[in-house]
Amino acid sequence: MKLRSHLVIAMTSLIVSSLLVVGIFTVTVSRRGMTRLASEQLSFKAEEIRKFAWNQWDVLVTNGLTELPLFREAVLDSVNSYARTVVREGIETVTAFDQNGQILFASSESGVSLSDDDWNTIRNEEGIFRLSVDTTELIGYVFQFDPLEWTVLTSVPVSQFFAETDEITITLVAGSLLILVTMIALLLFVASRIATPVTEIASGMREISRSRNFDTRLPARGFDEVRYAATAFNTMSIDLKNSYQRLREIAVSEAKAHAELDNREIEALLILGRLSDYNDHETGLHIIRVGLYSMLLAQALGIPAEESRLLYRAAPLHDVGKIAVPKHILLKPGPLDNAERETMQQHTIAGHRILSEADSPSLKVGAEIALTHHEKYNGCGYPNGLSGTDIPLFSRILAVADVFDAVTTPRPYKDPWPLDRAFELVQTERGEHFDPTIADLFLQNHDKVIDVFMNAELTDGRN
Ligand SMILES: [Fe+2]
Ligand SMILES: [Fe+2]
């Protein structure tokens, strides 16, 4: 819910509840006060009539005329006339009843006709009573005039009795409504002055977050607290911009350092690879090309770039175990006898032993390749006679790359094969020495293979 709605609902509830409490209190107090005043006025008028009646009766007593009906009638007429002058005509009524509840006289034309219940309620009683005549509610003051055995009722309709308080109530409600409408209008104005700058700040923050444009500044206006918030955010924005730039510089610098470290590692691995070939007939380019052919095949197989690069780095290490092979066997120009061949084959195990203790991912892959790069798909390889997919994928890849490069490279004891013959060898050994899928991919990438063959020297192995 919006801040503006919150403020208006909260404040309106507060105002309405306050007005209700004040209104109820005021109406109750004023009604009570007005009721007391009206009752006293009614009582006063009734007492005046009683006094007048007693005065008239005293005159009869003084003159010894109390038993004469004519004078008793005269008292009745004069009290009736006096009562008409005391009450408000058409509003208040004075009615005198005999002992049977029959009307003796009344200040209005018909007087007040009581029900039996109401008559039984007021006969022989004195004070204020609430009565009902037909559908009209009455408030009446009752007194007894004993000499003539009258019961005199001075009454007024409840609607008139409470007319003043009803007027106060209506005025109060109208005033409260006016106050409420004014306050809500005022609240909407104030809420808008608070909410608009807050909304602008929120939109500005969203925009900065979305665009990363830390040069955006929020408008500092409205109430003090809102201005402070905008100013604080602007200051924070400047700090964020500086930090962001610093982070970018650090990130660029770290990327450069990482790339440098990467190149150094590749260089170190190549040197290690060359070291193993130092006593062999291999050239430095052999290990570079084997790495490039291997990466080409890994990419063609859909191996993720990060892993392909790992294979590229580890490839130069495949013959690192040759460092443990005696020089006279390694450099023997003629064919090896069985014992020499066995010694030669031990370079796989020696290479694995050299590299297997390392934690580096490149060296770990190097250890795996060193051990298994002479295994053959048909199970006739060494040192463990693994076959099919039991041979690690990287070694199945490297086997094709290694053999292809070996036959296409000149040696002191042989000429290089023509490229077509080398490709034929790959085709022939498909499913024998080589994994058929990998051999097929190698053949399918004929042009790229030739490109590596021709340009390996230029790439220097770092691309
Ligand atoms: Fe080898
Ligand atoms: Fe090799």
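Reader: Is Glu137 partly exposed or buried, and what is its relative accessible area?
Author: Keeping in mind that this is a predicted model, Glu137 is partly exposed, with a relative accessible area of 38%.

Reader: Okay, and which residue does Glu137 form a salt bridge with?
Author: The partner of Glu137 is Arg130, and their closest N and O atoms are 3.9 Å apart. Arg130 itself counts as exposed, at 51% relative accessibility.

Reader: How many salt bridges turn up in the whole structure?
Author: A search of the whole structure gives 21. One of them links Asp224 with Arg227, where the closest N and O atoms lie 2.8 Å apart, and both residues belong to helix H6, which covers residues 224-277.

Reader: What about Glu260 and Arg264, how are they placed in H6?
Author: They are four residues apart in helix H6, so about one helical turn separates them.

Reader: Switching to strands, how do S1 and S2 run, parallel or antiparallel?
Author: Strand S1, residues 93-97, and strand S2, residues 103-106, run antiparallel and are joined by three bridges. Thr95, for example, has Ala106 in S2 as its bridge partner.

Reader: And what is going on at Gly101 in that hairpin?
Author: The hairpin has five residues between its strands, and Gly101 takes a positive phi near 85 degrees.

Technical notes. Residues numbered from 1 in each chain as written. Chains lettered and ligands numbered in written order. Predicted model: local features only at pLDDT ≥ 70, side-chain atom pairs only at ≥ 80, totals over all residues. Heavy atoms only, no water. Pairing = 2+ DSSP bridges. Helix = DSSP H or I, 4+ residues; strand = E, 2+ residues; numbered from the N terminus. Salt bridge = Lys/Arg side-chain N within 4 Å of Asp/Glu carboxyl O. Buried < 20%, exposed > 50% of the residue type's maximum accessible area, 1.4 Å probe, protein only.
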